[in-house]
Every structure is written in structure tokens, then in C-alpha cells.
Amino acid sequence: MSRQAIKIAVLYTLFAALSTGINIFCQMLSVWIYQGVYKVELSILVGTLSGLPLRYLLEKKYIFQFISKNIQHDGKLFILYSFMGVFTTLIFWLTEYAFHLVFLTDEMRYIGAILGLSVGYYVKYQLDKRFVFIKTGVGI
């Protein structure tokens, strides 16, 4: 593995860990604030949305070294980046919710979230590398 590949792997892992921490923190905060019928579903959604903008900015700059042409181009990239996340978010949500249904504890649900996010982040990197942050002029 090249030095550059190791650097990318380390940075990506750090960004994923930061985003996971933000996600879980926001889920816990959401559950603390709202104890209604849909507290779990709402907390998963809040957690998902909380880390997205930060990850986009960090990955664009430090992982893919990508520079947008202008703000409109950046907006289109963010939409494509977010769309690619739909598939990986399903991995995360299904894993977390499965842990919730099987174990019926917040702690195990958060472990399911961490596992689902980990797998999802790996898949997300592959999708972003191939379809979002491409420098050949083929993408957006």
C-alpha cells in the first residue's frame, strides 16, 4: 500500500469516526429531547442529517482533493454526494434498526449504528470515488 493510500485511509477513518460520533451524539440528544412514539426513527434521521455537510466538506478537500468550479457546481456535487449516500444510509439504518428490534436496548442500537455506518462508509467511499469526485470531466 502506498504512502498516499495509507494517508487517505487514515484520514477517511478519522472523518468517519468524527461523523459517527456526531451521529450518535445527535441521536442521543434527539431521544433525550423527544420521548414520543417515533423517538427511535426520528433519532436515526436526525443523526443521519447531522454529519452529512461536515463529511462532504472534509472528504471533498482532504480525501479527494477536489475543487468545485463554482458554488452552483458545488451544490450539484453535494446533491450527487447526498444521493450516493441514500444506498449506504439504507445499510446503516437497516443494521441499526435490526439491532433495535433484536436487542431492545439503546446501547445495542448504537452498536448496530456503528456497525452499519462502518460498512456504509466503505461503500460510500467507493461510490464517491467512482461517481462524484471524478476529475476527468465525465461527472457533474
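Because the model is predicted, local features need pLDDT of at least 70 and side-chain atom pairs count only at pLDDT 80 or more, whereas totals for chains, interfaces and linings use all residues. Residues are numbered from 1 along each chain as its sequence is written, and side-chain values use heavy atoms, with hydrogens and water left out.

The charged side chains come first. A salt bridge is taken as a side-chain nitrogen of Lys or Arg within 4 Å of a carboxyl oxygen of Asp or Glu, and the count by this rule is five. One of them joins glutamate 59 to arginine 55, at 2.1 Å from N to O. These two residues are four apart in helix H2 (residues 39-63), so about one helical turn separates them; helices here are DSSP runs of H or I with at least four residues, numbered from the N terminus. Both glutamate 59 and arginine 55 are buried, that is, under 20% relative accessible area with a 1.4 Å probe, protein chains only.

Another salt bridge brings aspartate 74 and lysine 60 together, with the closest N and O atoms 2.6 Å apart. Since aspartate 74 lies in helix H3 (residues 71-103) and lysine 60 in helix H2, this pair ties together parts 14 residues apart in sequence. Lysine 60 counts as buried because its relative accessibility is 12%.

Glutamate 96 and arginine 109 form a further salt bridge, at 2.8 Å from N to O. Glutamate 96 belongs to helix H3 and arginine 109 to helix H4 (residues 106-132), so the pair ties together parts 13 residues apart in sequence. Both residues of this pair, glutamate 96 and arginine 109, are buried. Through shared partners, salt bridges join Glu96, Asp106 and Arg109 into one network.

The aromatic rings are considered next. Eleven aromatic pairs are found in the whole structure, where rings of Phe, Tyr and Trp (its six-membered ring) pair if their centres lie within 6.5 Å, and planes under 30 degrees apart count as stacked, over 60 as edge-to-face and the rest as tilted. The ring centres of tyrosine 56 and tyrosine 81 are 5.2 Å apart and their planes stand at 65°, so this pair is edge-to-face. Tyrosine 56 is in helix H2 and tyrosine 81 in helix H3, 25 residues apart, and both are buried. One aromatic cluster includes Tyr56 and Tyr81, along with Tyr12 and Phe133 among others.

How values were computed: Buried means under 20% relative accessible area, exposed over 50%, partly exposed in between (1.4 Å probe, protein chains only).
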